[in-house]
Amino acid sequence: MAVEQTLSIIKPDGIQKNLIGEIVSRFENAGLEVVAARMMHLSKEQAQEFYVVHKERPFFDDLIKYMTSGPVFVQALQGDDAVARNREIMGATDPSDADPGTIRADHAASIEENVVHGSDAAETAAVEIAFFFADNGVCPRTR
Ligand code: CMP
């Protein structure tokens with residue numbers, strides 16, 4: 001098992017439902033460590049840049065509206081197989097496909113308003129973490 005870092009976003013619906021602590025606890029209880037965190041309200045430009053890979057998808061405009069509708073809580077998580085671990089804890093993108101007990105099964109309203117984002121691969125995670133936490137924004141655990 002390799003120690004990895006991954007990016008997690010608690011999306012505007014998760015913040016509105018007051019789930020920050022609930023979601024961070026799930027990560028911590030699964031052995032993941034928070035190594036960076038910030039709360040922010042994404043601009044339209046930031047959301048468009050972050051989700052540029054989905055630019056041609058029919059849901060892109062709605063995704064940008066949703067992601068800029070309220071603040072988000074962004075974290076870098078670290079641990080063994082952190083990318084896959086985070087995705088297991090989140091559950092499938094569409095909450096109707098998500099395994100019972102996952103964040104999306106428990107809290108997501110729809111495939112669009114699905115409470116959390118997580119990086120899909122280690123390479124993507126590095127790019128996504130740098131997007132939010134450039135310039136020493138990640139704080140190594142020293143104990
Ligand atoms: P996320 O994992 O952040 O990646 C892209 C986001 O687009 C996804 O979660 C959803 O919030 C949103 N989305 C909306 N419609 C769809 C769809 N049909 N398929 C995938 N993602 C969608």
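This briefing walks through the fold of the chain and then takes a closer look at helix 7. The model is a predicted one. Its chain holds seven helices and four strands, and along the sequence these elements follow the pattern β-α-α-β-α-α-β-α-α-β-α. With a radius of gyration of 14 Å, close to the 15 Å that the globule rule gives for 143 residues, the chain is as compact as a globular protein of that length.

**Overall build**

- Taken along the principal axes, the box filled by the C-alpha atoms is roughly 45 × 35 × 25 Å.
- Of the 143 residues in the chain, 42% are buried.
- If you take contacts between residues at least 6 apart in sequence, 78% of them join residues at least 24 apart.

**A closer look at helix 7**

- Helix 7 spans residues 122-132, and its buried residues are A125, E128, I129 and F132.
- Viewed down the helix axis, these buried residues fall within an arc of 100 degrees, so they line one face of helix 7.
- An α-helix has 3.6 residues a turn, so residues three or four places apart point the same way.
- On the face turned away from the buried side of helix 7 sit the exposed residues E123 and V127.
- The cover over the buried residues of helix 7 includes strand 1 (3-10), strand 2 (33-40), strand 3 (72-80) and strand 4 (116-118), along with helix 3 (44-50) and helix 5 (82-90).

Conventions: Residues are numbered from 1 along each chain as its sequence is written. This is a predicted model: local features need pLDDT of at least 70, side-chain atom pairs count only at pLDDT 80 or more; totals for chains, interfaces and linings use all residues. Side-chain values use heavy atoms; hydrogens and water are left out. Helices (H or I, at least four residues) and strands (E, at least two) are DSSP runs, numbered from the N terminus. The radius of gyration is taken over C-alpha atoms; the globule rule is 2.2 Å times the number of residues to the power 0.38. Buried means under 20% relative accessible area, exposed over 50%, partly exposed in between (1.4 Å probe, protein chains only). Contact means heavy atoms within 4.5 Å. The arc is that of the directions from the helix axis to the C-beta atoms.
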